[in-house]
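This report describes a single predicted model. It begins with the chain as a whole and then turns to selected residues.

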Amino acid sequence: MHDGAPAHYRVTVREFLNETFPTRSIGRDGPVSWPARSPDCNPCDFYLWGHVKSLVYDRPIPNINILREQILNAFATIRNTQGIFGRVRQSMMGRMEVCIAANGVHFEHFL
């Protein structure tokens, strides 16, 4: 699911997934249900992209080369920040607890 768009639902895609990954495909009418607009609990969505954008756009970007450089620098900064992934993991655990307490409904306002 990307930006609220539903997972692929074409019959041929579902058949392929169900044959290739029996009891493991995630999606509508699959063995593992994935409801439309389910709470977003993906660290890339709740942490990484926003943090990268804040690092990349901390100053004006005059051209594409500087943009590329800023993106690479942002990921290097994240990779080299001591303890960052532990903090993201802790945040993820907290989000899961809130999601469970909210019975899987929208929970961002509780954070």
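The protein chain has four helices and zero strands, where helices (H or I, at least four residues) and strands (E, at least two) are DSSP runs numbered from the N terminus. Along the sequence the pattern reads α-α-α-α. The model is predicted: local features need pLDDT of at least 70, side-chain atom pairs count only at pLDDT 80 or more, and totals for chains, interfaces and linings use all residues. Residues are numbered from 1 along each chain as its sequence is written, and side-chain values use heavy atoms, with hydrogens and water left out.

**Chain totals**

Of the 111 residues in the protein chain, 18% count as buried; buried means under 20% relative accessible area, exposed over 50%, and partly exposed in between (1.4 Å probe, protein chains only). The accessible surface of the protein chain is about 8,500 Å², and carbon and sulfur atoms contribute 59% of that surface. These areas come from the Shrake-Rupley method with a 1.4 Å probe, and for residues only the protein chains shown count as cover. Among contacts in the protein chain with a separation of 6 or more, 39% are between residues 24 or more positions apart, a contact being heavy atoms within 4.5 Å.

**Helix α3**

Helix α3 has 17 residues and spans 24 Å from its first C-alpha to its last, close to the 24 Å expected at 1.5 Å a residue; the expected span is 1.5 Å times one less than the number of residues. Buried positions in α3 are Leu67, Gln70, Ala74 and Ile78. Viewed down the axis of α3, the buried residues fall within an arc of 65 degrees, so they line one face of the helix. The arc is taken from the directions from the helix axis to the C-beta atoms. An α-helix has 3.6 residues a turn, so residues three or four places apart point the same way. The buried residues of α3 pack against α2 (43-56) and α4 (84-101). On the other side of α3, Asn65, Leu72, Arg79 and Asn80 are exposed. At the start of α3, a side-chain oxygen of Asn63 comes within 3.0 Å of the backbone nitrogen of Asn65.

Gln70 belongs to α3, which covers residues 64-80. Its side chain makes a polar contact with the side chain of Arg59 at 2.9 Å. A polar contact is a pair of N or O atoms within 3.5 Å; within protein, one must be able to donate a hydrogen and the other to accept it, and residues adjacent in sequence count only if both atoms are side-chain atoms. With neighbours within four places in sequence left aside, Gln70 is in contact with Leu55, Val56, Asp58, Arg59 and Ile61.

**Residue accessibility**

| Residue | Relative accessible area | Class |
|---|---|---|
| Gln70 | 5% | buried |
| Trp49 | 44% | partly exposed |
| Phe75 | 30% | partly exposed |
| Pro43 | 29% | partly exposed |

**Aromatic pair and Pro43**

The structure holds one aromatic pair. Trp49 and Phe75 form this edge-to-face pair, at 6.5 Å centre to centre with 75 degrees between the planes. The pair links Trp49 in helix α2 to Phe75 in helix α3, 26 residues apart. Rings of Phe, Tyr and Trp (its six-membered ring) pair if their centres lie within 6.5 Å; planes under 30 degrees apart count as stacked, over 60 as edge-to-face and the rest as tilted.

Pro43 lies in helix α2. Pro43 and Arg89 are 46 residues apart in sequence and 8.2 Å apart in space, C-alpha to C-alpha. Apart from neighbours within four places in sequence, Pro43 is in contact with Leu48, Val88 and Met92.
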